[in-house]
Amino acid sequence: MQEQSFIAEGKKRVEEAWKAVCHDVQEAALKSGRDPSEVSLMAVTKTVEPVYINHAISLGAALIGENKVQEFLGKKPELQGAYTAHLIGHLQTNKVRQIVGEVAMIQSVDSVKLAREIGRCSEKKGIVSDILLEVNIGRDPDKFGILPEAAEETACEIAEIPGVHICGMMTVPPFDADLEKTRRFFSNMHQLFIDIGSKNIHNINMCTLSMGMSGDFREAIAEGATLVRVGSAIFGARNYR
Ligand SMILES: *Cc1c(COP(=O)(O)O)cnc(C)c1O
């Protein structure tokens, strides 16, 4: 009984937070003169228990993001409703085989080597995997991602790999940057996205620009994000046990 009311409380909090974030995303889009339908809101569900994820899905969270292959595959059998999942966390080549075909997109492709492995496993399964190129726009030594100056060349190289399709780019700016600096990183990222997209490179469709999290999704939307990844603002502070 106590456990049940605990869960009911939690679901209520998720519901209120989800509605508030939906509202804020829409408002941020309108404020920057953008059509809110251009911006997808991803619910980042790492460390979140399936009961709350399912509740968010039932409220309309159609796009979810998970960081870890094992965690996602463990929770997947319990997920219900109409949703699409993306992998957004760092992916090691030895885990690629398990995740290919299990998510609609891998957002965290940060090397040619990883893309080759995704392509190889995808071809084996008879599919083409949609991917984003993760760019380390702040050149943060603690972060994964392709350095911005290498992005175009790397994109061209990955575009040649069978079994993968480049749909855009994603980034995580340095954590220690203030909002003004972060916004500049987002702006640089958008420029890179436009520049590479305008070259009409075969097998590259720059449609998705994934940037912005709980603390900075408004700035990301103002700078052209088409997908924001929001976790704690929806599900509360994470509990890494
Ligand atoms: C955890 C995570 C998020 C969400 O972060 P919040 O600050 O909780 O919104 C977004 N993107 C990536 C890659 C993450 O790992």
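Predicted model: local features only at pLDDT ≥ 70, side-chain atom pairs only at ≥ 80, totals over all residues.

Biologist: OK, how many bridges join β1 to β8?

Modeller: Four bridges link β1, residues 40-44, with β8, and the two strands run parallel.

Biologist: Is T226 buried or exposed, and why?

Modeller: T226 counts as buried because its relative accessibility is 17%, and the cut-off for buried is under 20%. Setting aside residues up to four places away in sequence, T226 touches R34, E38, V39, S40, C207, T208 and L209.

Biologist: Let's switch to the ligand. What surrounds it?

Modeller: The residues around the ligand are V44, K46, N67, I88, V172, M213, S214, R229, V230, G231, S232 and R238. By class, that shell has five nonpolar, four polar and three charged residues.

Biologist: How far are the polar side-chain atoms of R229 and R238 from the ligand?

Modeller: For R229, a polar side-chain atom lies 2.9 Å from a nitrogen atom of the ligand. R238 has a polar side-chain atom 2.7 Å from an oxygen atom of the ligand. K46 also comes in here, with an N or O atom of its side chain 2.6 Å from a ligand oxygen atom.

Biologist: And how much of the ligand's accessible area does the protein cover?

Modeller: The protein covers 88% of the 390 Å² of accessible area that the ligand has on its own.

Biologist: New topic: helix α2. Which of its residues are buried?

Modeller: P50, Y52, I53, N54, H55, A56 and I57 are buried in α2. That's seven of the 10 residues in the helix (50-59), so α2 is mostly covered.

Biologist: What covers them?

Modeller: The cover for the buried residues of α2 includes α1 (2-31), β2 (63-66), α3 (69-75) and α9 (232-235).

Biologist: And what follows α2?

Modeller: G60 does, with a positive phi near 120°.

Biologist: How far is G60 from I201?

Modeller: Their C-alpha atoms are separated by 35 Å, and the two residues are 141 apart along the chain. I201 is in the loop between α7 (179-197) and β7 (204-210). Leaving out residues up to four places away in sequence, I201 touches C156, A159 and I196.

Biologist: Since you mention α7, what about K181, is it buried or partly exposed?

Modeller: K181, which lies in α7, counts as partly exposed because its relative accessibility is 42%.

Biologist: Last one: what does the side chain of S129 make a polar contact with?

Modeller: With the side chain of S122, at 2.7 Å. S129 is in β5 (residues 129-134), and S129 is buried because its relative accessible area is 7%.

Key. Residues numbered from 1 in each chain as written. Heavy atoms only, no water. Buried < 20%, exposed > 50% of the residue type's maximum accessible area, 1.4 Å probe, protein only. Polar contact = N/O pair within 3.5 Å; in protein donor to acceptor, adjacent residues only side chain to side chain. Pairing = 2+ DSSP bridges. Near = heavy atom within 4 Å. Areas by Shrake-Rupley, 256 points an atom, 1.4 Å probe, with all protein chains shown as cover. Nonpolar A, V, L, I, M, F, W, Y, C, P; charged D, E, K, R; others polar. Contact = heavy atoms within 4.5 Å.
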